[in-house]
Amino acid sequence: MKKSSWISIAVAASAAALVLSGCSGAGDDGGGGDATSTRACVILPDAASSPRWENGDRPALDKAFTDAGFEADIQNAQGDTAKYATIGDQQLSKGCGVMLLVDYQGAAGAVMEKAQAQGIPVIAYDRPITGADYYVSFDNVKVGELQGQMIVDGLKAAGKDPATAVVVYMGGDATDGNAKMFHDGADSIMSAAGIKPAAEPTGVWDGEKTATNFEQALTGLGGHVDAVWAANDPNAAGVITILDKNGLTVPVSGQDATVTGLQNVLLGKQTGTVWKPFTLEATAASDLAIKLLKGETPSVDKKLDDGTPYIAVTPNVITIDNVQDVVDGGDAKASDICTGDVAAACAEHGVG
């Protein structure tokens, strides 16, 4: 493992945790909540947009709450807004001391309002929710900036002038507040290098739909593309299936350091992925929620544009040279990554 890299991540986590300074007592500013409840109520969005929700966030949050002596009620809406609402009603009927919500197509808003009406503080987790008491996520504009830089650097490495390159933008679902942050961060870097999107289909968080949308865009461009900004690894994987089908290899960005994403990076089909260690985000969110469950009022040093207190966790770039960092960090297993034709690439680049 590259210790300096992993240590920097740990320091970032500690810094995020230290911005919380608790003091006893609850007021009308988001502290406290239902003093009779020691339940942390969590709603995850789905299992399709990213494997992180069930494989990473659920166990990390559950352990944090139970280790602190609190009950954790963690449920997944499975990509269904109606189910999201039902879960919220069920959790609130049983009592919640704090709610931690990952929004899904705006469904979290109504649940949040019901919780706040009962004096229960709401933490928007990973995705912003207008009106939430707190927001905990990675610095999503920074995520986009890192992705945009991947594309600029990838084009230059391929001997292409970014200002004249044919670049397709494959973003995320516009109903996800993070998608705009990713897009705007990426575009700020790419546009500064002279890049203008040659095509920009409607964004989705769905690899198969992204593949279809990208194939249509590629056809419209006469089969020519120099690079693709993809907002996450599943979208990148969809793009790569079409590139493979057409015998093309171009710079492609990604996010989440999924097993498939890491494999594509090692195979040279994806320029890089933005790694957001779920343990850091889960630690920051659970530390905040536990303070609220204890009746403390945390203080946070950042705010969103709408004034929501914001804990921003720092993301990291993974390229072919440091995939091992993700393995050492516990967010992926070498045995899962280094299969089939990826095994030789793992051996070459020290992943194991």
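Guide: Strands (E, at least two residues) and helices (H or I, at least four) are DSSP runs, numbered from the N terminus. This is a predicted model, in which local features need pLDDT of at least 70 and side-chain atom pairs count only at pLDDT 80 or more, while totals for chains, interfaces and linings use all residues. Residues are numbered from 1 along each chain as its sequence is written, and side-chain values use heavy atoms, with hydrogens and water left out.

Visitor: In which strand is threonine 273?

Guide: Residues 273–275 form a strand. Threonine 273 belongs to that run, strand β9.

Visitor: Is threonine 273 buried or exposed?

Guide: Buried means under 20% relative accessible area, exposed over 50%, and partly exposed in between (1.4 Å probe, protein chains only). Threonine 273 has 0% relative accessibility, so it counts as buried.

Visitor: Which cysteine forms a disulfide with cysteine 41?

Guide: A disulfide is a pair of cysteine sulfur atoms within 2.5 Å. The sulfur atom of cysteine 41 has such a partner 2.0 Å away. That partner is cysteine 96.

Visitor: How many residues apart in sequence are the parts that cysteine 41 and cysteine 96 tie together?

Guide: Cysteine 41 lies in strand β1 (residues 39–44). Cysteine 96 is in the loop between α3 (81–94) and β3 (98–101), so the pair ties together parts whose separation in sequence is 55 residues.

Visitor: What is the handedness of the disulfide of cysteine 338 and cysteine 346?

Guide: The sulfur atoms of cysteine 338 and cysteine 346 are 2.1 Å apart. The torsion about their S-S bond is about -90°, so the disulfide is left-handed.
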